[in-house]
There are 2 protein chains.
Amino acid sequence: MVRSAGQLIRRQGISGTGMREIVADADAPWGSLRHYFPEGKDQLVTEALLYMGGVAGRMTERALRSDDVSTPGQLFARIVKGWRDEFLSAGYTAGCPLVAAAADVSANHDELRGVIAQAFELWQEPLAAALESRGVPAERSPQLAVLAISALEGAIVLARIRQDVGPLDVIVDELAPLLDAATGLHRDHLGG
Amino acid sequence: MVRSAGQLIRRQGISGTGMREIVADADAPWGSLRHYFPEGKDQLVTEALLYMGGVAGRMTERALRSDDVSTPGQLFARIVKGWRDEFLSAGYTAGCPLVAAAADVSANHDELRGVIAQAFELWQEPLAAALESRGVPAERSPQLAVLAISALEGAIVLARIRQDVGPLDVIVDELAPLLDAATGLHRDHLGG
């Protein structure tokens, strides 16, 4: 049910996703909802968002282990490629669940806002660590993780709206060299 | 009414914003709605989104005329500062109307999706032109406009979720030098 909720939120946001729909999508008996989520929709949504944040973190760690990822720029390209492949194979209906949730709740639901912030951390921290493991200095890696996530989130919105992966390609073209330069290997060229 | 709709969409998205609320916010008589927008909510939302895209474009052009904007990096910093100032003075309740609309409709409303894409163009084209007027080569300016908009949109989401302007500061720190380097003044440092 947590997984179903996460996937439905990607397409419809929180307010657009009903409990009945989640239960039906998960093919679960209605009674199990009350059993596992006695506090109702907010509890299920909270678990779904933290689960999805964790998925993004684990995908980052998995990307790090790919054969073709040796630099921070290649890591970023690999992460973006996951979205690119999904859009091209499955269409543009599902975006990032955290952005969908943020658009929905940030104005008037402070508790859930905190959950979304926490879910973003579950992505940002492994990404900063991954950048560091590929040579980005510790003092810059949190900042570059925020830049990478910001650019990717914005490009996902643009790609879905245009039904075109172009914006994803643009951010890789522009940011992969910037991330690689941060390793200091190119320090000479940036020092001037 | 178009302006009220735009502002309400920033906070609540499209599906969360009712026609009655727009009319009340605009302090307009209920009958005027039917008069000016005979096709109903979709027509009003369409005009509101195109209006907001135009506002972003005009703000970009206005930023270009500020005394402290002579490089593309300074232009970007100025645009981001508009958001920073608003968050610090008015709080984090209102985000970008185009992202709010995108989260709401992209999955199941193809016509409105096209309108949002058009509204983004009303921002991206003046931004690309502005970058070019500050020395970015014509062949790179559309790409850098997409990068700048992507990063800003993502950072707006993160800033609102964290209730902290930090992500906006990060993207300026990282992208202003990249935009300035694109003018070719620093070509020597990037050529290696």
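Biologist: Given that axes are lines fitted to C-alpha atoms, for helices over the stretch in contact, and angles run from 0 to 180 degrees between N-to-C directions, at what angle do H6 and H7 of chain A pack?

Modeller: Helix H6 (residues 97–105) and helix H7 (residues 110–133) of chain A pack at about 160 degrees, with their axes 10 Å apart, helices being DSSP runs of H or I of at least four residues, numbered from the N terminus. The two are therefore roughly antiparallel, a label for angles over 145 degrees. This is a predicted model, in which local features need pLDDT of at least 70 and side-chain atom pairs count only at pLDDT 80 or more, while totals for chains, interfaces and linings use all residues. Residues are numbered from 1 along each chain as its sequence is written, and chains are lettered from A, with ligands numbered from 1, in the order in which they are written.

Biologist: Which residues make that contact?

Modeller: H6(A) contributes A:Leu98, A:Ala101, A:Ala102 and A:Val105, and H7(A) contributes A:Leu112, A:Arg113, A:Ile116, A:Ala119 and A:Phe120, where contact is C-beta atoms, placed from the backbone, within 7 Å. By class that makes eight nonpolar, no polar and one charged residues (nonpolar is Ala, Val, Leu, Ile, Met, Phe, Trp, Tyr, Cys and Pro; charged is Asp, Glu, Lys and Arg; the others, Gly among them, are polar).

Biologist: Switching to A:Leu168, is that residue buried or exposed?

Modeller: A:Leu168, which lies in helix H9 (residues 166–181) of chain A, is buried because 24 other C-beta atoms lie within 10 Å, the cut-off for buried being 20 or more, for exposed 12 or fewer, with partly exposed in between.

Biologist: What does A:Leu168 touch beyond its sequence neighbours?

Modeller: Leaving aside neighbours within four places in sequence, A:Leu168 is in contact with A:Val80, A:Trp83, A:Arg84, A:Ala155 and A:Ala159.

Biologist: And chain A as a whole, how many helices and strands?

Modeller: Chain A has ten helices and zero strands, its C-alpha trace spans about 65 × 35 × 35 Å along the principal axes, and 48% of its 192 residues count as buried.

Biologist: Last topic, how many residues does each chain give to the contact of A with B?

Modeller: The contact takes 42 residues from chain B and 42 residues from chain A. On the chain B side, H8(B) gives the most, with 15 residues, and by class that side has 23 nonpolar, eleven polar and eight charged residues.

Methods: Parallel < 35°, antiparallel > 145°, perpendicular 65-115°, else oblique. Contact = placed C-beta atoms within 7 Å.
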